Amino acid sequence: MAQPAAPPIEIDATAGPAPLGMPPATFLRDYWQKRPLLVRNAFPGYASPIEPEDLAGLACEDGVLARLIEHDKASDGWKVRHGPFAEDDFPGLPDHDWTLLVQDVDKWDADIRALLAHFGFLPRWRIDDVMVSFAATGGSVGAHVDQYDVFLLQAQGRRRWQIDASPNPPLDFRNDVDIRLLREFHPTHDWVLQPGDMLYLPPGVPHHGVAQDPCLTFSVGMRAPAAAELLGDYADTLAADAPDELRYADPDLALPADACEIDAAAMQRVETALRQLRMDDPDRFGDWFGSFITTYRSAVLPAADDRPLPRAAMEQALAEGALLWRHPWSRMAWRRTREGSNADAARLYAGGTAYPLGVDDARRLAAADSIDGGLYAGLGQAGRAAVAALLAAGHYRLEQEDEA
């Protein structure tokens, strides 16, 4: 019996639903974490909302994560500098073979943040950031591999992408450079992307991008914590919450054959002591993960106001047309809980804090980039209390009509 044909690795989205050129369910079934996909015309006629000069200016600001990577082709040497940069760092650069990368641009620019609305087919808490890179002609960061999913949208200029989509590509790294570059790279596909084209890469696919002319590329990257990171945070949470009475115990101790031996019975008691720390309660386990994932890889955490606005004043302002705007670094997600027989119980997680709510309120607040009087009025009592608490914690900022 003939095997079904593999899904195409390149499609044109002109006739299909943007930005994938196919129904999202088809993409998730055939491509997500399975195989790369080049989508021509994912965003037809796309025009970048920012210019290279804007990116360079942002890279000069304190608190912005930025890198400048220069490549000496003659020696195949690589130089990496980290921001913030001085404004006079850029005019002295050559017109070729360098790349500026700025992380979390969606947190600093509302137009870049609006791009994320096109990726609503993914869990919002899985999306990490939009990194923007500007590359002079020939600019590159070398052949490398990422351990997370990424969508590479060409926003301005042209970039040549080569990928190795073979089953077991070589993944050894060079030891003579300061960045994790592949020692070997054998591309199986070679494309030049125009503005509006988008390349999806699952984790572990070697790739190499080179600017054909000065260009901007937007990288929508996913949050994919390593198992070691999950385990470390989980263990820290267990240890912090563990009562001091939980200890290694041996009431069944028998006369040892050798007092210096750690015998099998002792090791079983160690396992018993550790098992006592497991989160057997699904809600406790869910609260740990909800708190972890809404703070994971956050360079900035919203800070509580020294003089929080009283709830009555907030409600009055909303009634008069004011808006509450979500802090750009605030991360929220929600989860159904198992509180008794209450099928409507949920938790909203914001920056590591859990707020018990009903499902409808949790869903609406997790999705709300802004809150107006109408949304607030439609919340239950617990939802309104959560809004006041979120405002006091710095997750929202009140904007009056005369400030808009």
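Hi everyone, let me start at one spot: Asp 97 is found in the loop between S4 and S5. Those labels are DSSP runs numbered from the N terminus, with helices being H or I of at least four residues and strands being E of at least two. With 10% relative accessibility, Asp 97 counts as buried, where buried means under 20% relative accessible area, exposed means over 50%, and partly exposed is in between, using a 1.4 Å probe and protein chains only.

A quick word on what we are looking at. This is a predicted model, in which local features need pLDDT of at least 70 and side-chain atom pairs count only at pLDDT 80 or more, while totals for chains, interfaces and linings use all residues. Residues are numbered from 1 along each chain as its sequence is written, and side-chain values use heavy atoms, with hydrogens and water left out.

Now the overall picture. The protein chain has eleven helices and 18 strands, and its C-alpha trace spans about 75 × 70 × 60 Å along the principal axes. Of its 404 residues, 43% count as buried. Contact here means heavy atoms within 4.5 Å. Among contacts with a separation of 6 or more, 76% come from residues 24 or more positions apart.

Back to the backbone. Most residues other than glycine have a negative phi, and most peptide bonds are trans. Asp 104, not a glycine, has a positive phi of about 55°. Asp 104 sits in the loop between S5 and helix H3 (105-108), and is buried, with a relative accessible area of 2%.

Then the cis peptide bonds. One joins Ala 18 and Pro 19, with omega about 0°; Pro 19 lies in the loop between strand S1 (10-12) and helix H1 (24-30). Another joins Gly 83 and Pro 84, with omega about 5°. Pro 84 belongs to the loop between strand S4 (77-82) and strand S5 (98-102).

Next, Ile 112, in helix H4 (residues 110-113). Is Ile 112 buried or exposed? At 1% relative accessibility, it counts as buried. Setting aside neighbours within four places in sequence, Ile 112 touches Pro 49, Ile 50, Val 105, Asp 106, Val 130 and Phe 218.

On to helix packing. Helix H5 (residues 227-241) and helix H7 (residues 282-293) pack at an angle of about 120°, their axes 11 Å apart. That makes H5 oblique to H7: angles under 35 degrees count as roughly parallel, over 145 as roughly antiparallel, 65 to 115 as roughly perpendicular, and the rest as oblique. On the H5 side, the contact residues include Leu 230, Tyr 234 and Leu 238; on the H7 side, they include Phe 285, Trp 288 and Phe 292. The contact residues divide into seven nonpolar, one polar and four charged.

Last stop, helix H11 (residues 381-392). Why does its length agree with expectation? At 1.5 Å a residue, its twelve residues should span 16 Å, and its end C-alpha atoms are 17 Å apart, which agrees. The expected span is 1.5 Å times one less than the number of residues. Buried residues of H11 are Gly 383, Ala 386, Val 387, Ala 388, Leu 390 and Leu 391. After H11 comes Gly 394, whose phi is positive, near 95°.

Note on methods. Axes fitted to C-alpha atoms, helices over the stretch in contact; angles between N-to-C directions. Nonpolar A, V, L, I, M, F, W, Y, C, P; charged D, E, K, R; others polar.
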